[in-house]
Amino acid sequence: VAETSTGALGSANLDITVADIVRPTVTGASIADNAVNVSTTQPMSITFSDPLDAASLTTGAVMLQQVSGTAANIAGTLVLAPDGKRIVFTPSAPLECSTAYLLTVSATALYDLDGNNLAGDYVIHFTTQSSSSTVIENQGYYDAPFILAGGNYNSITVKNSYVVITGPVLADSVTLESGSVITQNTSGLFGMERLDLTISGALNIDSTSSIDVTGKGYLAGRTAGNIALNGNNTRGGSYGGIGGNSDATLLYGDIADPREPGSGGDTSSYTNYYPGNGGGLVRIKAGTINLNGGIFADGGNSSYSAGGGSGGGIRIDTGTMTGSGRISTRGGFGNNSPGGGGGRIAVYYDTLGLPRANISAAGGVDKISSNYSSNTGGPGTVYLKDNAKPNPGVIIDNDGNYTYYVTTVPGGTYDFVDVRGA
């Protein structure tokens with residue numbers, strides 16, 4: 001209130017903007033300071049009190065170094081979570097076993113949306129695991145799995161157990177027997193999960209066991225890059241093949257190098273109907289593989305009037321693969337509704353003893369009304385590369401189920417293109 005030159009009283013509004021000068025703080029970390037037995041393949045996350053400016057995630061914002069030896073920074077990728085409050089650093093290569101490390105979050109590099117830096121560097125000291133042999137017997141089931149951390153192992157033997165692996169694994173050998181399952185966590189709303197095995201020797205899977213990431217890919221209503229769909233269309237998920245009642249705009253991925261999981265089915269109403277999740281992602285490098293069970297990344301089946309999830313992704317690099325088992329990224333079933341499209345499989349080998357007919361990326365069908373070809377998902381892609389030959393082969397097979405949807409194959413020179421049952 002103020003007096004004017006004529007003696008009258010008047011008033012005016014004064015707008016004041018208060019600058020945020022409060023510095024962000026670290027509120028949590030996936031690795032505690034002075035932790036021991038830390039996985040050599042584990043991503044490292046740091047959570048903050050305030051959202052960070054993505055522009056501050058520059059080289060030097062997070063530094064990982066061995067405590068002894070050279071002080072060189074270890075290469076890796078740095079990602080900011082969608083809420084801006086969490087960063088995830090993933091080393092580009094596995095860390096050394098039984099080695100002390102220092103993780104530093106730079107106060108001068110990182111800043112929040114108002115330009116405020118941390119008050120000081122945030123530092124974590126930790127020591128990695130030693131390499132050991134592991135036997136898991138009579139442990140875990142689907143609703144309460146046994147958890148095996150990623151990392152370095154001499155050998156892994158799984159007997160009559162259900163095991164979730166939480167990070168990349170490096171091992172001399174892996175054996176699954178007596179009804180065992182190895183799987184991954186289900187992908188959430190940020191990033192993606194995967195099952196990543198690097199085995200210098202043999203991977204053995206008996207006829208009662210499997211690597212199975214069915215329904216562990218992108219959630220219902222989500223697709224490549226973990227992006228939400230618009231949610232107003234009942235359709236099957238798409239990946240290598242088009243989902244039922246969907247279109248080619250939702251296809252994604254590399255026929256020769258599957259690097260993403262499958263997409264979830266969708267529905268026009270999430271109140272009473274539940275689409276299937278997409279199939280997960282499996283990446284295996286092994287000296288030899290004896291497969292008499294299965295390697296599955298199938299799409300999840302849907303409830304009534306919702307779309308099935310698409311098949312997921314599988315890439316295998318091996319010297320010799322033998323056995324009578326199956327490799328599958330089939331689309332999930334619809335339920336009076338569209339099935340999911342098939343996923344993507346790529347196998348690189350020196351010798352392939354597993355029959356080609358045992359490798360499938362077929363689309364999912366409507367299990368109630370299977371004669372509706374518009375509800376049948378399109379077949380995904382199977383890419384087979386003999387390392388001794390210059391060109392790959394491709395299989396497009398919908399397991400005898402007719403579909404409206406066309407599966408595309410990149411132009412090029414192929415050793416064979418086998419189209420059947422579509």
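Visitor: Before we get to sizes, what counts as a pocket here, as against a cavity?
Guide: This is a predicted model, by the way. A cavity is a set of grid points where a 1.4 Å probe fits but cannot get out. The other kind of space, an open set with protein on both sides within 12 Å along at least five of seven lines, is a pocket.

Visitor: Which element gives the largest share of the lining of the largest pocket?
Guide: The elements that give two or more residues include β7 (76-80), β15 (169-177) and β8 (86-91). The largest share is four residues, and the element that supplies them is β8.

Visitor: How many charged residues are in the lining of the second largest pocket?
Guide: This one holds about 160 Å³ of space. Its lining has 14 residues, with Thr59, Gly60, Val62, Gly76 and Phe89 nearest the centre. Sort the lining by class and you get eight nonpolar, six polar and, for charged, none.

Visitor: And how much space lies in the largest cavity?
Guide: The search of the whole structure turns up one cavity of 30 Å³ or more. Among the residues lining the largest cavity are Thr223, Arg235, Leu250 and Asp266, and the lining divides into two nonpolar, seven polar and two charged. The space in the largest cavity is about 40 Å³.

Visitor: On to charges: is Asp257 buried or exposed?
Guide: Asp257 meets Arg259 in a salt bridge, at 3.4 Å from N to O. Arg259 has a relative accessible area of 45%, so Arg259 is partly exposed. The cut-off for buried is under 20%. Asp257 sits at 16%, so Asp257 counts as buried.

Visitor: Which residues are linked with Asp257 in a network of salt bridges?
Guide: A search of the whole structure finds eleven salt bridges. Asp257 belongs to a network of them, together with Arg259, Arg283, Arg315 and Asp317.

Visitor: How many residues apart are Arg330 and Asp399?
Guide: Their side chains meet in a salt bridge at 3.3 Å, N to O. Arg330 is in the loop between β24 (326-328) and β25 (344-349), while Asp399 is in the loop between β29 (393-397) and β30 (416-420). This pair links distant parts of the chain, and the separation is 69 residues.

Note on methods. Residues are numbered from 1 along each chain as its sequence is written. This is a predicted model: local features need pLDDT of at least 70, side-chain atom pairs count only at pLDDT 80 or more; totals for chains, interfaces and linings use all residues. Side-chain values use heavy atoms; hydrogens and water are left out. On a 1 Å grid over the protein atoms alone, a cavity is a set of points where a 1.4 Å probe fits but cannot get out, and a pocket is an open set with protein on both sides within 12 Å along at least five of seven lines; lining residues have an atom within 4 Å of a point. Grid points are joined across faces, edges and corners, and a volume is the space filled by probe spheres set on the points. Ala, Val, Leu, Ile, Met, Phe, Trp, Tyr, Cys and Pro count as nonpolar, Asp, Glu, Lys and Arg as charged, and the others, Gly among them, as polar. A salt bridge is a side-chain nitrogen of Lys or Arg within 4 Å of a carboxyl oxygen of Asp or Glu. Buried means under 20% relative accessible area, exposed over 50%, partly exposed in between (1.4 Å probe, protein chains only).
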